[in-house]
Amino acid sequence: MIGIADYLDKQLRDYGIKEDLSILDFGCGQGNYTIPIAQIVGGNGKVYVIDKDKTKLNQLLVIAKKVKVDKTIEILESEGQFDFDLSSESVDLVMLFNVSCCIIGQDNYPEFQKLIHELHRLTKKDGKLIIGIKEGKTMLNRVETGIPLISKEFKLDKKEKGKYLDGEKLRNGIFYSLTKK
Ligand SMILES: C[S@@+](CC[C@H](N)C(=O)[O-])C[C@H]1O[C@@H](n2cnc3c(N)ncnc32)[C@H](O)[C@@H]1O
C-alpha cells in the first residue's frame with residue numbers, strides 16, 4: 001500500500017515540483033507541504049515560506065532542522081499583509097494550500113485579488129500557481145467565485161480531485177493548477 005509520504009511526493013511531482021526549483025509556500029503553517037517540497041527541490045533549490053503565525057513557523061523550523069532541509073527553506077516576514085520582501089520573478093511555482101478560504105473569508109474577494117496580484121509579481125514567466133482546498137460546498141463555492149476574478153493574471157489549466165494532508169490524515173480535496181499569463 002502506498003504511504004502518505006509517497007503519495008505527497010508523487011502529487012507534488014505531478015504539479016511540476018522538481019530538483020533545483022524555487023517554490024513559494026504561502027500560508028505554509030507548520031510545513032506539512034514545505035518539508036516534502038524542500039526534500040524534492042534539494043540543496044540547489046529554495047522554498048520560501050510565508051505565514052503570519054510565528055508559532056507554526058517555529059514548529060516548521062524544528063522539523064526542518066531534524067530532517068536537514070533547513071538551509072533550503074527561507075522565511076519571508078509577514079504580519080498578514082500582501083507585499084513580500086522578494087524580487088519580482090523569483091519563484092517557479094506558488095503553493096496556496098488550505099489557505100485561500102482564510103483570505104476570502106465570508107466574501108473578501110478584493111483581498112484575494114490583492115494576494116494573487118502579488119503572487120503574480122513574484123512568479124517567473126510561465127510559472128505555476130497551485131491552489132488546494134478541502135472538499136466541501138462552502139469552500140468550493142468561495143474559491144469557484146474567486147477563480148474567474150484572477151483570470152487576467154493566471155490561466156486555469158486543470159481542476160481535479162485529489163487528497164491533501166490535514167494533520168496526519170489524507171482528506172479529499174480539489175486542486176486548481178494555473179499558469180502565469
Ligand atoms: C489551514 S492552514 C494551512 C497550512 C498548510 N498550507 C497546509 O496545507 O498544511 C492556513 C495557514 O495560513 C496562514 N494564513 C492565513 N492568512 C494569512 C495571511 N494573510 N498571511 C500569512 N499567512 C496566513 C495561517 O496562519 C495558517 O497557518
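**Group meeting: strands and a ligand site**

Okay, let's start in the sheet: Gly132 has Phe175 in β7 as its bridge partner. Before I go further, remember that this is a predicted model.

Strand β4 covers residues 91-97 and strand β5 covers residues 123-134, and the two pair in the parallel sense over 6 bridges. On to β7, residues 169-180: β5 and β7 run antiparallel, joined by 7 bridges. Another pair to click on there is Ile130, whose partner in β7 is Ser177.

And what does β7 do with β6? Strand β6, residues 154-166, runs antiparallel to β7, and 12 bridges hold the two together on the list. If you want one of those pairs on screen, take Leu165, which is bridged to Leu170 in β7. β6 and β7 make a hairpin, with 2 residues between the strands. Have a look at Gly167 in that turn, please: its phi is positive, about 65°.

Where does it go? The space it takes is the largest pocket. There are 18 residues around it, and those that come nearest are Gly27, Asn32, Asp51, Phe97 and Asn98.

What's the shell made of? By class, the residues around the ligand come out as 8 nonpolar, 6 polar and 4 charged.

Now a few distances, if you'd like to check them in your viewer. A ligand nitrogen has a backbone N or O atom of Gly27 2.7 Å away. Gly80 also brings in a backbone N or O atom, 3.3 Å from a nitrogen atom of the ligand. With Lys56 we're talking about the side chain: an N or O atom there is 3.3 Å from an oxygen atom of the ligand.

Conventions: Residues are numbered from 1 along each chain as its sequence is written. This is a predicted model: local features need pLDDT of at least 70, side-chain atom pairs count only at pLDDT 80 or more; totals for chains, interfaces and linings use all residues. Side-chain values use heavy atoms; hydrogens and water are left out. A residue is near a molecule or strand if one of its heavy atoms lies within 4 Å of it. A polar contact is a pair of N or O atoms within 3.5 Å; within protein, one must be able to donate a hydrogen and the other to accept it, and residues adjacent in sequence count only if both atoms are side-chain atoms. On a 1 Å grid over the protein atoms alone, a cavity is a set of points where a 1.4 Å probe fits but cannot get out, and a pocket is an open set with protein on both sides within 12 Å along at least five of seven lines; lining residues have an atom within 4 Å of a point. A molecule sits in a cavity or pocket if more than half of its atoms lie within 2 Å of its grid points. Ala, Val, Leu, Ile, Met, Phe, Trp, Tyr, Cys and Pro count as nonpolar, Asp, Glu, Lys and Arg as charged, and the others, Gly among them, as polar. Two strands pair if DSSP finds at least two bridges between them. Helices (H or I, at least four residues) and strands (E, at least two) are DSSP runs, numbered from the N terminus.
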